[in-house]
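Hi there,

Here is the structure I promised to pass on. Please have it open while you read my notes.

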Amino acid sequence: MFFASAAFLAGLALLTIPWWLHRLNAHSSEQHTFSSLFLMRASEAPVNLRKRLQHLTLLALRWLLLIAACLAFAEPILKLAGDDTAPSEAMEHRIIVIDTSLSMARNDHAPIRAARVEARDLIDDLPTGGKAALVTAADALTLLVPLTDDTTRLTGALAGIDPASTRLAMAGLMSRVSTLTDTLLAPGERARVYVISDFQATGLPDQFNALVAGMVWPTELVPVVDAEEAAGNRTIVRMHTGPNSTLDVTVQSFAAPGAEVTLKLGQNDDPIGEQSVFVPENGSATATFTLPESDTDARRREAVVWTATLEADDSLATDNVRRLAKTDAITASLPVLTISDRAFAYLRAAVAAAAPRFTPQ
């Protein structure tokens with residue numbers, strides 16, 4: 001038998017507290033002088049012996065309660081006879097978490113390829129009796145393969161992993177991974193979590209304790225991209241309609257050198273214009289476009305969608321296109337047949353609050 005959390009056995013030192021309380025309650029009998037022993041009434045039962053037995057019973061119960069609590073926290077694990085595998089190896093499973101966010105596709109999918117290599121090495125190097133589970137992390141955790149020792153199944157699922165079009169926020173990730181790990185393990189089993197990611201700066205929390213919050217199981221962070229490989233990306237981070245029929249498009253540089261880039265804007269697949277702006281290293285720049293006047297009837301028939309395209313040579317071309325839709329431009333008549341003006345006024349107010357794009361008539 002061994003203990004998963006043997007440090008809690010130090011709590012056995014608390015056994016001295018009940019003994020100390022027992023000694024406080026123990027006191028010697030007081031002596032009194034009587035004129036004659038004939039005035040004393042004989043006791044029907046040995047009072048002192050009964051009280052002593054009560055104190056000893058209470059002391060034993062207190063000790064048993066503290067011992068049971070310490071053993072429960074220490075998590076004793078019984079090793080079955082005939083099992084010659086070392087406990088540290090038999091219960092060492094691996095939870096492999098691979099980042100599949102959009103940033104893993106930069107530099108022609110170099111990060112995701114490196115992540116597959118790291119994961120394959122972890123699978124091939126499983127300890128004796130150990131198992132592995134494969135998990136992908138983007139906007140949500142996805143369990144691809146539960147705990148298994150079938151390396152063929154694991155490597156087959158690994159080959160089909162590709163980056164998604166979503167973002168991974170590292171804050172809270174460890175808590176979600178720990179919860180998933182708890183559901184995969186049987187009582188008494190142990191695991192080590194491996195997080196393979198490029199650790200994109202925009203996905204990391206501002207404080208380190210927010211990154212490790214909820215980290216219950218031993219965890220290793222495996223970076224797959226160094227600073228040089230991660231450099232050279234620019235993206236459109238914001239589109240905002242301004243006053244006087246204008247639209248602002250903001251470009252952000254992430255570890256990319258300063259350069260002049262071209263921004264193109266289209267409205268419903270019709271080009272509006274293009275501008276060149278200088279984006280400094282680790283800085284941003286904004287281009288302001290003047291929007292054309294739209295025909296009223298045309299605005300009633302279709303939504304207005306603006307598409308901004310960034311023409312720049314960087315490591316991730318997927319995030320160089322951004323769209324902004326203005327759906328409130330669509331208006332539609334809502335015929336109402338009624339003989340009550342009061343009912344129509346009530347319905348018109350309700351539609352204006354819940355569905356302003358409809359006009360009751």
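Below are some notes on a sheet and on one alanine.

A word on the source: this is a predicted model, where local features need pLDDT of at least 70, side-chain atom pairs count only at pLDDT 80 or more, and totals for chains, interfaces and linings use all residues. Residues are numbered from 1 along each chain as its sequence is written, and side-chain values use heavy atoms, with hydrogens and water left out.

The sheet is open and has 5 strands in the order 5-4-3-6-7, with mixed pairing. Strands (E, at least two residues) and helices (H or I, at least four) are DSSP runs numbered from the N terminus, and two strands pair if DSSP finds at least two bridges between them. At the edges lie strand 5 (141-148) and strand 7 (219-223), each pairing on one side only. Strand 6 (residues 190-197) runs parallel to strand 7, with 5 bridges between them; there, V193 stands opposite T219.

Helix 5 (residues 151-159) packs on this sheet, touching strand 3 (92-99), strand 4 (132-137) and strand 5. Contact here means heavy atoms within 4.5 Å.

Now to the alanine: is A115 buried or exposed? A115, found in helix 4 (residues 106-124), counts as buried because its relative accessibility is 0% (buried means under 20% relative accessible area, exposed over 50%, partly exposed in between, with a 1.4 Å probe and protein chains only). Leaving aside residues up to four places away in sequence, A115 touches I98, M104, I196 and V224. The C-alpha atoms of A115 and S197 are 7.1 Å apart, although 82 residues separate them along the chain.

Best wishes

Terms used: Axes are lines fitted to C-alpha atoms, for helices over the stretch in contact, and angles run from 0 to 180 degrees between N-to-C directions.
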